[in-house]
Amino acid sequence: MQVISLVLSVVSLIVSIIVGVYDKKVDKKLNNISIASTYFNDLYKDLLLNKIPQNRKKITITANGKLVGSDDLIQTLKDIRSNSLYFFYTDVTFYNNLKTKLQDLENYILASEDEELFGEEQTTVLNQISDKIADVYKVMTEKCLKG
Amino acid sequence: MMNKTNHIKLVFDKATTRLAYYPYGKEVYEQQVKPNIDFSNDITYIEFPDQIVKAASSFVQGFFEDIISNIGYEAIEKKIVILSKNESLKSSIKTNLIF
């Protein structure tokens, strides 16, 4: 009887330790997510929720096949890059990943502006721009959820 | 004493109005600037042709990488002068150098 009681006490202690460690990890994770979401709110809220969608709408293709109206979106990409400098010091992997996605989009838009786009090319270019914007959102959302 | 200067005029295909991509920035620098630049000069003028209206940040970073490693960020403003008819191109090159 005493042995069973001792075993149960030990098991109970081990479970308590495991739950305690797990709770601490969860708390730390939630804390990191909370900090990240505060920073994201301050650094990017208007850029992500308003500027990118509004400025994406300004990009069109003219009757002679030229991609136009990208200046404001390019400026928004630069604003995101400059607002991200905090992460250059705190999470350089995220900073570099984000910078790559932003510059990939900027490069694609500028290179496309020198092309004459007709027929399916127009759809392809506009879809590519949307996909590359989605890539930027994805990198940022992942970072925010990861903390 | 006279300032030592040199003047490098960049040449691009006439259809090119936008400059993009880091490797292309490096390529233009290696082919057109590196053979002609002397970092001991007081001022180097780098002239972009009139048709160039925009340069992507990655192009600028590729183009200036070797210059920065030779003279540093601070000296660029004193020793490298960008010439272009397009004021927005000049200012965007400056901004893109910082980030």
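What is the mean pLDDT of chain A, and what share of its residues reach 70 or more? I noted this before anything else, since the model is predicted. The mean is 93, and 99% of the residues of chain A reach 70 or more.

**Entry 1. Confidence**

I then looked up the corresponding values for chain B. Chain B averages a pLDDT of 93, and 98% of its residues score at least 70. I also checked the individual elements. In chain A, helix α1 (residues 2–57) has the lowest mean pLDDT among the elements, at 89. The highest in chain A belongs to strand β2 (residues 67–68), at 98. In chain B, the lowest mean among the elements is that of helix α3 (residues 87–98), at 87, and the highest is that of helix α1 (residues 22–33), at 98. For the complex, I recorded an ipTM of 0.91 and a pTM of 0.87 from the predictor.

**Entry 2. Chain A as a whole**

I counted five helices and two strands in chain A. Along the sequence, these elements of chain A follow the pattern α-β-β-α-α-α-α. I next asked how the radius of gyration of chain A stands against the globule rule. The value is 24 Å, well over the 15 Å that the rule gives for 147 residues, so chain A is more spread out than a compact globule. I recorded the spans of its C-alpha trace along the principal axes as about 90 × 30 × 25 Å.

For burial, I found that 32% of the 147 residues of chain A count as buried. The accessible surface of chain A is about 9100 Å², and carbon and sulfur atoms hold 58% of that area. Among contacts in chain A between residues at least 6 apart in sequence, I noted that 72% join residues at least 24 apart. Chain A carries 18 positive and 19 negative charges, and I recorded 9 Å between their mean positions.

**Entry 3. Chain B as a whole**

I counted three helices and five strands in chain B. From the N terminus on, the order in chain B is β-β-α-β-β-α-β-α.

The accessible surface comes to about 5500 Å² for chain B, with 53% of it on carbon and sulfur atoms. Of the contacts in chain B with a separation of 6 or more, 81% are between residues 24 or more positions apart. I recorded 12 positive and 12 negative charges in chain B, with their mean positions 4 Å apart.

**Entry 4. Tyr137(A)**

I located Tyr137(A) in helix α5 (residues 120–146) of chain A. Is Tyr137(A) buried, partly exposed or exposed? Its relative accessible area is 26%, so Tyr137(A) is partly exposed. Beyond its neighbours within four places in sequence, I found Tyr137(A) in contact with Leu48(A), Ile52(A) and Pro53(A). I also looked up the separation from one of these partners. Tyr137(A) and Ile52(A) are 85 residues apart along the chain, and their C-alpha atoms are separated by 9.9 Å.

**Entry 5. Ser70(A)**

I placed Ser70(A) in the loop between β2 and α2 (71–83) of chain A. Why does Ser70(A) count as buried? Its relative accessibility is 1%, and the cut-off for burial is under 20%, so Ser70(A) counts as buried. Which residues touch Ser70(A), leaving aside neighbours within four places in sequence? I listed Ile59(A), Ile109(A) and Glu113(A), together with Lys54(B) of the other chain. I then looked up a separation to Ser16(A). Ser70(A) and Ser16(A) are 54 residues apart in sequence and 58 Å apart in space, C-alpha to C-alpha.

**Entry 6. Tyr21(B)**

Tyr21(B) has a positive phi of about 80° although it is not a glycine. I placed Tyr21(B) in the loop between β2 (18–19) and α1 of chain B. With a relative accessible area of 34%, Tyr21(B) is partly exposed.

Methods: Residues are numbered from 1 along each chain as its sequence is written. Chains are lettered from A and ligands numbered from 1 in the order in which they are written. This is a predicted model: local features need pLDDT of at least 70, side-chain atom pairs count only at pLDDT 80 or more; totals for chains, interfaces and linings use all residues. Side-chain values use heavy atoms; hydrogens and water are left out. Helices (H or I, at least four residues) and strands (E, at least two) are DSSP runs, numbered from the N terminus. Contact means heavy atoms within 4.5 Å. Accessible areas come from the Shrake-Rupley method with a 1.4 Å probe; for residues, only the protein chains shown count as cover. Lys and Arg count as positive and Asp and Glu as negative; His and the chain ends are not counted. The place of a charge is taken as NZ of Lys, CZ of Arg, CG of Asp or CD of Glu. pLDDT is the predictor's confidence in each residue, from 0 to 100. Buried means under 20% relative accessible area, exposed over 50%, partly exposed in between (1.4 Å probe, protein chains only). The radius of gyration is taken over C-alpha atoms; the globule rule is 2.2 Å times the number of residues to the power 0.38.
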